[in-house]
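Please look over the model below before reading these notes.

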Amino acid sequence: MSHNRHDLDVLVVGAGMSGIALLWNLRDRGFSVLAVEQCDQVGGTWYRNRYPGARCDVESFDYSFGYDDELQQEWVWSMRYPGQREILGYLQHVVERFDLSQHIRLSTRVTAARFDDATNRWTVELNEGKDVVHPRFLVMAVGALSAPKDIDLPGITEYTGTVYRTFDWPHDPEDLAGKRVLVVGTGSSGAQLIPAIAPIVGELYVGQRTPGFVIPARNRDLSAEEITAVKRSYTERRKANRANPSGVVRADNATATFEVDEQERRREYEARWEAGGLSFLTAFSDVMVDPHANAAITDFMRDKIDEIVDDPDVARHLKPTGYHLGARRPIVATDYYETFNRPNVTLVDLRVNPISTFTPHGVRLADESEIDLDVVALATGFDAFTGSFSTVDIRGIDGRTLAEAWQHGPVNYLGLAVSGFPNMFLMANAGSPSVLSNMATAIEQHVDWICAAFEHFRDNGVQRAEADPDAQSQWTTTVDTVARMTLFPTDGASSWYQGTNIEGKASSFMPFAGGLVEYENALLASSGEDYAGFTLS
Ligand code: NA7
């Protein structure tokens, strides 16, 4: 597809879930729009993270688009939680069905982008300058979790066996049957991978540094009746999701933890543990704000670990301590704790016995013990939020780099725009609810706002929209203040929410913790006042 290089309205960077949604909606509003994607296929996160067990922790019905009723009526999800392949199939279907691929360039990386003060357009270099485009608007739909954390394991380059990473698991991995495998990392990715491969591999070693709080998913097939019932009221369901702080209707409990007695408390925890999924976190209204309430629910989880895991010593090492449930991303997985009862699974507590070095054939631990390995699988996480921006040389007014503007953290206005970088917008990343909510709903919210804003700009001849520095610093303070009202930023344990999982990264609580509803109010307060906080010209 060719674009006249100077009449491109919008360049969308990334064709994952957010890029596809934005491209589709802008195209339908008559904008000339191009999406570029560095991978050779669309799907972003759901194309790359194809490790065994990869699955979303938001239910299928809600982790999808509501823009087209025929689509949501016709598409059939198979399970309560969608697996990676099914989500990818869905996104590919959307691209095909709505004829979007003619607006997408695959295997195309944005390597540099510079704002041109004279023309109020961006000059964007694709694939190291092999091509250049000049869009009016640049929208970074690059994903909050798309840049992997650098490998920081001693001696890993000495190791001669296979190394896989969850974030770009190969298309044709070797058969793991009977192999000796070490998984490093027990966040969401590790906790999904571990139970998925344990029944296949010969020996599985789980290298755990910080134990996570793992909530059972209780995944299952969806029944025809359930599917029909949801489809009958899909529009209302989407509306209700949008009106919920987490972007999805969950069985929130308005009662506080200590308003009920011990027995009632246990009953509530138990019911939610059995139901599975993230509504466990909303068992009581104060779980994420009152440390005592949080301690009560985590005591329940530690008891569950004791109940499930046969070996008391293994159970002890699996129990998280020293940080609050929710302060690090809560994990939803299937048969996680049960997996440690398998005879071929060994927990290696890296806090007690750290990796001394990898060797050509395996790994040596601090106690001098050696483990021979065929495969090392790294589930070591991401340089969240800012990581996907740091590989692009983005320059705003006077050539100032985004890296410089963000040296103390990803400051922005409303999670949408950065002062000094006119006509650049962010999709579902730092400064907005993004990862703290159902991403599909967060994306929809941003798509709506950006589409309406661009239409307003088009109708009013606005060629340049820039966040005001004051509005930006106020929003940055708001993001910080709101986070401090919760237990999110309270803990010593490293968390990608705060950048503390990456050595040397500026630490700040990056997503907006106030929920989608408060956030929507802030968005409307700006757009309703002729885009207050932006200078339009
Ligand atoms: P996470 O949640 O950041 O988990 C990464 C894990 O890897 C975590 O357990 C880390 O331990 C561990 N890790 C990282 N580096 C090391 C080293 N050097 N040695 C040992 N262990 C290490 O990433 P995920 O991919 O699991 O999940 C990211 C999000 O994707 C998830 O929350 C969903 O939203 C989807 P640590 O905690 O640092 O002690």
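1. A residue is called buried when its relative accessible area is under 20%, and exposed when that area is over 50%. The model is predicted. By this cut-off Cys-39, at 12% relative accessibility, is buried. Cys-451 is buried as well, with a relative accessibility of 1%.

2. How many disulfides does the structure hold? There are zero. A disulfide needs two cysteine sulfur atoms within 2.5 Å. For Cys-39 the closest cysteine sulfur belongs to Cys-56 and is 18 Å away, so the two are too far apart for a bond.

3. Helix α13 covers residues 439-459, 21 residues in total. From first C-alpha to last, α13 reaches 30 Å, close to the 30 Å expected at 1.5 Å a residue. Is the helix mostly covered or mostly open? It is mostly covered, with 15 of the 21 residues buried.

4. Both ends of α13 deserve a look. At its start, a side-chain oxygen of Asn-438 comes within 3.0 Å of the backbone nitrogen of Ala-440. Just after the helix, Gly-461 has a positive phi of about 65 degrees.

5. The ligand is surrounded by 21 residues, and the closest are Lys-149, Asp-152, Ser-189, Arg-209 and Thr-210. By type, this shell divides into seven nonpolar, nine polar and five charged residues.

6. The ligand exposes 770 Å² when taken alone, and the protein buries 87% of that.

Notes. Residues numbered from 1 in each chain as written. Predicted model: local features only at pLDDT ≥ 70, side-chain atom pairs only at ≥ 80, totals over all residues. Heavy atoms only, no water. Buried < 20%, exposed > 50% of the residue type's maximum accessible area, 1.4 Å probe, protein only. Helix = DSSP H or I, 4+ residues; strand = E, 2+ residues; numbered from the N terminus. Expected span 1.5 Å × (residues − 1). Polar contact = N/O pair within 3.5 Å; in protein donor to acceptor, adjacent residues only side chain to side chain. Near = heavy atom within 4 Å. Areas by Shrake-Rupley, 256 points an atom, 1.4 Å probe, with all protein chains shown as cover. Nonpolar A, V, L, I, M, F, W, Y, C, P; charged D, E, K, R; others polar.
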